[in-house]
Amino acid sequence: MTVNTLQPVSLGPYQLESPLYQAALSGYSDYPMRVIAARLGAAYTLCEVMIDRMIIQTKQGKQHSMMYCHQDEFPVGGQLMGSEPEEFGPAARRLVEAGFHVIDINFGCPVKKVMSRCRGGYHLSQPEVALDIISRVRDTVPAEIPVTLKMRRGIDDSSESADNFFMIFDGAYARGLSAITVHGRTVDQKYVGPSNWEFLKQVKQHAGEKTVIGSGDLFSPQSCLDMLRVTGVDGVSIARGAIGNPWIFQQTADLLRGKSISPPDVTEQREVISAHFELAREFYGDKKVCNTMRKFGIFYSELHPQYAEVKKAFIAVKTAADWLKVLDQWYTENAPGRFPPVEKPNPLSLETPAV
């Protein structure tokens with residue numbers, strides 16, 4: 001399969017301009033990050049995953065910061081995770097009331113704390129409960145709001161896990177879900193080892209015309225293009241590869257159009273980083289913005305030609321003023337940027353490790 005054009009993707013009633021999604025990222029995909037991703041070509045963004053109980057317990061009329069959805073964001077999805085089926089419906093309703101355009105259910109998180117509380121990827125081990133959750137959300141959310149699902153290819157590599165996967169996968173579409181994002185690793189793998197793109201190919205062939213989004217090992221524009229080429233999935237959900245590198249959306253779109261790409265130079269980096277900082281300062285305030293943006297600065301530094309020194313500078317900041325001084329010190333003089341390193345490209349990608 002050859003991918004050489006930028007194809008739109010259907011997500012329920014929404015026609016997305018491209019197959020490039022910003023994934024839900026705990027601790028990262030907040031409002032400022034989503035805005036920057038959308039400005040640089042993400043056709044659809046997701047908020048960081050939220051626990052259903054937290055949403056329900058938030059007092060009516062008040063809003064947790066993670067539930068914030070600006071009227072100018074479109075479309076943006078709210079992702080739910082929890083353990084008790086009866087809590088998913090009310091939580092989904094609250095997210096619709098908050099303004100989210102899509103409700104996404106998380107059956108993919110492999111983190112030990114999440115699994116021990118019977119959330120996220122744990123539901124892949126109990127398909128009846130998983131399908132009950134899906135039904136409750138779809139039955140609660142207005143018909144015009146798409147409901148989607150994020151899942152991994154199973155708990156492990158056993159035949160039982162494979163059977164459970166397809167029971168949930170097929171059952172979700174039968175219950176009216178608009179799209180399913182599939183991560184090519186098992187829950188047991190967590191983030192170790194390659195994502196199984198051959199499995200994603202089999203899943204898409206099984207799904208036919210239904211919308212399937214691929215996930216796993218998407219750390220560069222080339223890897224995104226290669227996943228589309230190798231697996232035939234309808235879109236790609238870019239997660240860790242987009243932290244501090246929102247240009248990955250723009251660059252992947254250029255590759256899909258047959259254009260050559262280059263990393264953003266220092267001036268371009270400053271413009272985007274400054275915009276991200278100002279959005280975060282307006283959203284969180286001067287006291288919280290430094291801690292929030294420090295983790296982004298560390299990732300942004302990977303694109304700077306003097307990345308090691310810049311990373312140290314971002315780590316050392318303690319105030320908003322310190323943060324801006326780093327920009328003045330390291331991002332005033334223009335120079336060519338660099339692509340962030342790709343240490344372990346997927347075996348089926350054309351990617352070569354950066355040096």
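A charge sits over a ring if NZ of Lys or CZ of Arg is within 6 Å of the ring centre and within 35 degrees of the ring normal. Lys295 meets this rule over the face of Tyr28, at 5.0 Å from the ring centre. This is a predicted model, in which local features need pLDDT of at least 70 and side-chain atom pairs count only at pLDDT 80 or more, while totals for chains, interfaces and linings use all residues. Residues are numbered from 1 along each chain as its sequence is written, and side-chain values use heavy atoms, with hydrogens and water left out.

**Charge over ring**
- Arg338 lies over the face of Tyr307, at 3.5 Å from the ring centre.

**Ring pairs**
- Rings of Phe, Tyr and Trp (its six-membered ring) pair if their centres lie within 6.5 Å; planes under 30 degrees apart count as stacked, over 60 as edge-to-face and the rest as tilted.
- The count of aromatic pairs by this rule is 18.
- Tyr31 and Phe283 form a tilted pair, because their planes are at 50° with the ring centres 5.6 Å apart.
- This pair links distant parts of the chain, 252 residues apart: Tyr31 belongs to helix α1 (residues 31-39) and Phe283 to helix α10 (residues 266-284).
- Phe165 and Phe169 have ring centres 5.5 Å apart and planes at 20°, so they are stacked.
- Both sit in helix α6 (residues 159-174), four residues apart, and are thus separated by about one helical turn.
- Helices are DSSP runs (H or I, at least four residues), numbered from the N terminus.
- Ring pairs join Phe165, Phe166, Phe169, Tyr173 and Phe199 into a cluster.

**Accessibility**
- Buried means under 20% relative accessible area, exposed over 50%, and partly exposed in between (1.4 Å probe, protein chains only).
- Tyr31 is buried at 13%, whereas Phe283 is partly exposed at 24%.
- Phe165 is buried at 1%, and Phe169 is buried at 1%.

Key: Helices (H or I, at least four residues) and strands (E, at least two) are DSSP runs, numbered from the N terminus.
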